[in-house]
Amino acid sequence: MIFYHKFEVRWSDLDANKHLANSSYVQYCAQARMAFMTKEKMGVTQLSRWGIGPVILHERYSFFKEIYADQTVIVSLEIDGCSEDSSIYRFVHKFYTPDGVHCATAEATGVWIDMMLRKMTTPPDDVVEAMNKYKSPETVVMSREDFKKLPFHPTNVDPAEINI
């Protein structure tokens with residue numbers, strides 16, 4: 001199953017090139033995910049009751065066609081990858097015009113965290129059931145090993161080397 005959420009592009013969503021700003025793509029994806037979670041009875045109030053929250057660890061984008069002010073944009077949500085217990089997930093978002101033109105694709109990899117412990121956790125069965133509805137036969141099974149495949153990893157520096 002695929003979830004869709006509609007946006008009207010506002011002037012404030014544009015950048016200096018007068019097309020949808022990169023930061024707006026990030027915001028649209030986040031809002032599509034929250035709309036999905038609300039529809040599936042896992043909105044902000046319910047997440048607070050459960051004491052969990054979604055955290056995006058990695059996000060990437062590919063852009064194909066410009067999106068302009070006053071256009072309608074439809075953002076899809078599919079679950080492209082998920083661990084067996086749904087603690088790790090990967091959403092794919094596609095940006096379409098109402099006539100079906102594919103303008104961009106985003107991929108967001110994340111985890112559920114326990115809001116008190118600030119550690120990765122397994123979500124309640126209600127979350128697992130909701131996420132299972134949006135998996136496809138192509139959805140891959142993910143594990144902590146997949147974090148090692150992400151392109152960036154932390155490397156600390158000596159503060160004395162930071163010259164500001």
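The model is a predicted one. In sequence order, the elements follow the pattern β-α-α-β-β-β-β-β-α-β-α.

**Whole chain**

- The chain has 164 residues, and 40% of them are buried.
- The C-alpha trace spans about 50 × 45 × 30 Å along its principal axes.
- Among contacts with a separation of 6 or more, 68% join residues 24 or more positions apart.
- The accessible surface is about 10,000 Å². Carbon and sulfur atoms account for 54% of that surface.
- There are 18 positive and 22 negative side chains. The centres of these two sets lie 3 Å apart.

- Strand 5 covers residues 102–114. Eleven of its 13 residues are buried, so the strand is largely enclosed by the rest of the structure. The cut-off for buried is under 20% relative accessible area.
- Strand 2, residues 52–63, pairs with strand 5 in the antiparallel sense. Eleven bridges link the two. In this pairing, G53 has I113 of strand 5 as its bridge partner.
- Strand 4, residues 88–96, also pairs with strand 5 in the antiparallel sense, over nine bridges. K94 stands opposite T105 of strand 5. Y89 stands opposite G110 of strand 5.
- Strand 4 and strand 5 form a hairpin, with five residues between them. In that turn, G100 has a positive phi of about 90°.
- Strand 6 is made of residues 119–120. Strand 6 pairs with strand 5 in the antiparallel sense over two bridges. D114 stands opposite K119 of strand 6.
- Strand 5 and strand 6 form a hairpin too, with four residues between the strands. Here R118 takes a positive phi near 60°.

**Strand 4 and strand 3**

- Seven of the nine residues of strand 4 are buried, so this strand is largely enclosed by the rest of the structure.
- Strand 3 and strand 4 run antiparallel and are joined by six bridges. G81 has R90 of strand 4 as its bridge partner.
- The hairpin of strand 3 and strand 4 has five residues between the strands. S86, in the turn, has a positive phi of about 65°.

**Helix 3: one side buried**

- Helix 3 runs over residues 125–132. Its buried residues are V127, V128, A130 and M131.
- D125 and E129 are exposed, and they sit on the face turned away from the buried side of helix 3.
- What do the buried residues of helix 3 pack against? Their partners are helix 2 (44–50), strand 2, strand 3 (72–82), strand 4, strand 5 and strand 7 (135–141).

**A130, a buried residue of helix 3**

- A130 is found in helix 3. Its relative accessible area is 4%, so A130 counts as buried.
- A130 touches E40 and M42, not counting residues up to four places away in sequence.
- A130 and E40 are 90 residues apart in sequence. Their C-alpha atoms are 6.1 Å apart in space.

**I2, ahead of strand 1**

- Where is I2 placed? I2 lies in the segment before strand 1, which covers residues 3–8.
- I2 is partly exposed, at 36% relative accessibility.
- I2 touches S76, L77, E78 and Y134, not counting residues up to four places away in sequence.
- I2 and V128 are 126 residues apart along the chain. Their C-alpha atoms are separated by 16 Å.

Terms used
Residues are numbered from 1 along each chain as its sequence is written. This is a predicted model: local features need pLDDT of at least 70, side-chain atom pairs count only at pLDDT 80 or more; totals for chains, interfaces and linings use all residues. Side-chain values use heavy atoms; hydrogens and water are left out. Buried means under 20% relative accessible area, exposed over 50%, partly exposed in between (1.4 Å probe, protein chains only). Two strands pair if DSSP finds at least two bridges between them. Contact means heavy atoms within 4.5 Å. Accessible areas come from the Shrake-Rupley method with a 1.4 Å probe; for residues, only the protein chains shown count as cover. Lys and Arg count as positive and Asp and Glu as negative; His and the chain ends are not counted. The place of a charge is taken as NZ of Lys, CZ of Arg, CG of Asp or CD of Glu.
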